[in-house]
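Subject: Handover of a structure, with notes

Dear colleague,

Please find below the structure that I am handing over to you. My notes on it follow directly after.

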Amino acid sequence: MSASSSIFDYCQGVVPLRPRLEQWMVDLLENRPRLQALTAEFGAPLNIQSADPFQRNITALTECVDDFDLPFLPMFARKANKCLTYVDTARDMGIGIDTASHAEVEQCLAQGVPGHRIVCTAAVKDEPLMALCAAGGVTVILDNFDELALLEGVAKDGGQVVSVGLRLNGFVRNGAPLYSRFGFPLDQVPGIAARLAGAGKLRLDGLHFHLNGYSAEDRIAAISQTLPLIAEIRGADGGDFFLDIGGGIPMNYLADAGQWNDWLAALDAALAGQRAPITQHNDSLGRKAGSGGDAGSVDSYPVAQSLVQTRWVRQILNATDGDRTIAAHLREAKVSLHCEPGRSLLDGCGVTVARVAFCKQDSAGVPVIGVQMNRTQSRSGFAEFALDPMMVPGSDQRGAAVEGYLAGTYCTESEWLTRRKMVFPHGVRPGDLMIFPNTAGYLMHFLESRSHQFPLARNVFVQADATDSATLDHIDR
Ligand SMILES: Cc1ncc(COP(=O)(O)O)c(C=O)c1O
């Protein structure tokens, strides 16, 4: 990633959180006519994406695990982004897909992803979904006994043996339980394995967990606690078997991760009344005011991280459990390592572009910049978008500096695109474009909604060679 200073000149946080940008993003932002042509043709808000970083991220991940001489299948968690371009890319690169709904499974099969490279981890699975997976040869990750009974019924009526994995819970790290609402307790797994073997229509092909958060140590503990279970249920004949460690591979969004601590210190100072607010109504964004005790954390993705992506994976595989590394244990057990990264594979793949509609003042005299986009179009499960959007001017006619807040299209007082205060040193006017950075992983799609019947943003893909072509993703056709 590189950064050109000029594209940050028109908008930044009063205390900045400057994003990392891919070169294709920089090229796009520096090409005002192209951005205007794209939004004129496809509308705004618009999700502009490139699959090139996706390919690069997949290659880096597979090469990293190759170093450990392990059978490995990453399964792209497509809940993180709905576009079919990524499905096609994953298919062509020979990796798998992790699916979370009937539509996701159906689309993957229709795009020609082989069933044995699709895993279904949907949080709730009904009979049509189970039947689709069974017919398509998709591996079903079972979460509970009701699902098991439902799939046994589906398999009894169907001709084929269904591939199954079991989702696990009940891991412990340093004596403390790792809570999860998902999965079977570890001690129930041998009984379930025996039940599956007895009935013969469901084939237990692997074990699975997906842990909340991004801790490598949690994964190391969970793998260590799963390996003895695999040895127990697999017995002596030991055919193909996978251990799927889910997603949660972390990534870093900031150009300078050190900015996070500066920003946090400024937030704390503002909350303590020691400086002017940097958030709307001096909102703590989840952080508690005052000193002493737990300062709380900001309700945003941890945008500043140093142990990310392949370094994080290496940390896990190099960790020791007893006299050997985790990688050596997996190798000796002849277990195929699977994982389900979503966000981290989409690092660098997208931006969301929206038009400024107005600049006014609220009842307290604070500038409000109205942007034609709603907050669900740049949110994951976290409340705050903790990155600076960039602005590309609609014209060279500029005005006085403005400091204010970005409001979206939904009609509530709470509809802010970010609660962080932004500064526009050269003013902000209708027709200017706001660019929300690195949104392909969850931010553009995970919560997107059509309240007020606004249309959803469309999704176009551009080429890294910066030709003028842009292709509408098939999900929008
Ligand atoms: C079961 C499962 N697998 C994979 C993922 C992807 O996680 P991430 O995008 O953090 O890699 C998720 C995310 O919620 C998940 O629930």
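Please bear in mind throughout that the model is predicted. Tyrosine 253 counts as buried because 24 C-beta neighbours fall inside 10 Å, and 20 or more are required for that class. Apart from neighbours within four places in sequence, tyrosine 253 is in contact with Pro19, Arg20, Val303, Leu387 and Asn438. One of these, valine 303, is 50 residues away in sequence, yet the two C-alpha atoms are 5.0 Å apart in space.

Arginine 375 sits in the loop between β17 (367-371) and β18, and it is buried because it has 24 C-beta neighbours inside 10 Å. Its contacts, leaving aside neighbours within four places in sequence, are Gly408, Glu415, Trp416 and Leu417. Glycine 115 belongs to the loop between α5 (102-110) and β5 (118-120). With 18 other C-beta atoms within 10 Å, glycine 115 is partly exposed. Beyond four places in sequence, glycine 115 is in contact with Leu109, Gly136, Gly137 and Val138. The C-alpha atoms of glycine 115 and cysteine 133 are separated by 7.9 Å, and these residues are 18 apart along the chain.

Domains and core

The domain assignment divides the protein into domain 1 (5-50 + 348-476) and domain 2 (52-250 + 302-346). Their centres, taken over C-alpha atoms, are 35 Å apart. Where the two meet, 19 residues of domain 1 are in contact with 13 residues of domain 2. On the domain 1 side, the touching residues comprise ten nonpolar, seven polar and two charged.

In soluble globular proteins, nonpolar side chains tend to be buried together. Here, the largest nonpolar core contains 130 residues, and Cys120 and Val140 have the most contacts inside it. Domain 1 and domain 2 each supply at least three residues to this core. Cysteine 120 touches Thr99, Val105, Leu129, Cys133, Val138, Thr139, Val140 and Ile141, when residues up to four places away in sequence are not counted.

Strands

Strand β21 (residues 433-436) is covered on both faces: Leu433 and Ile435 are buried on one side, and Met434 and Phe436 are buried on the other. Strand β16 (residues 350-361) runs antiparallel to β21 and is joined to it by four bridges. Strand β18 (residues 390-392) is also antiparallel to β21, with three bridges. Methionine 434 is the bridge partner in β21 of alanine 354, and it is likewise the partner of methionine 391.

Strand β22 (residues 458-462) is largely enclosed by the rest of the structure, because four of its five residues are buried. Strand β2 (residues 46-49) pairs with β22 in the parallel sense over four bridges, and isoleucine 48 stands opposite valine 460 there. The pairing of β22 with strand β23 (residues 470-472) is antiparallel and has three bridges, with phenylalanine 461 opposite threonine 471.

Ligand surroundings

There are 14 residues around the ligand, of which Ala77, His210, Gly247, Glu340 and Gly342 come nearest. By class, this shell has four nonpolar, seven polar and three charged residues.

Backbone details

The peptide bond from alanine 44 to proline 45 is cis, with omega near 10 degrees. Proline 45 lies in the loop between α2 (32-42) and β2.

Two residues other than glycine have a positive phi: asparagine 174, near 50 degrees, and leucine 285, about 55 degrees. Are these residues buried or exposed? Asparagine 174, in the loop between β8 (172-173) and β9 (176-177), is exposed, with 6 other C-beta atoms within 10 Å. Leucine 285, in the loop between α10 and α11 (309-318), counts as buried because it has 22 C-beta neighbours inside 10 Å.

With kind regards

Terms used. Residues numbered from 1 in each chain as written. Predicted model: local features only at pLDDT ≥ 70, side-chain atom pairs only at ≥ 80, totals over all residues. Core = buried A, V, L, I, M, F, W, Y, C linked by C-beta atoms within 7 Å. Buried ≥ 20, exposed ≤ 12 C-beta atoms within 10 Å, placed from the backbone. Domains from an automatic or database assignment. Contact = placed C-beta atoms within 7 Å. Near = placed C-beta within 6 Å. Nonpolar A, V, L, I, M, F, W, Y, C, P; charged D, E, K, R; others polar. Helix = DSSP H or I, 4+ residues; strand = E, 2+ residues; numbered from the N terminus. Pairing = 2+ DSSP bridges.
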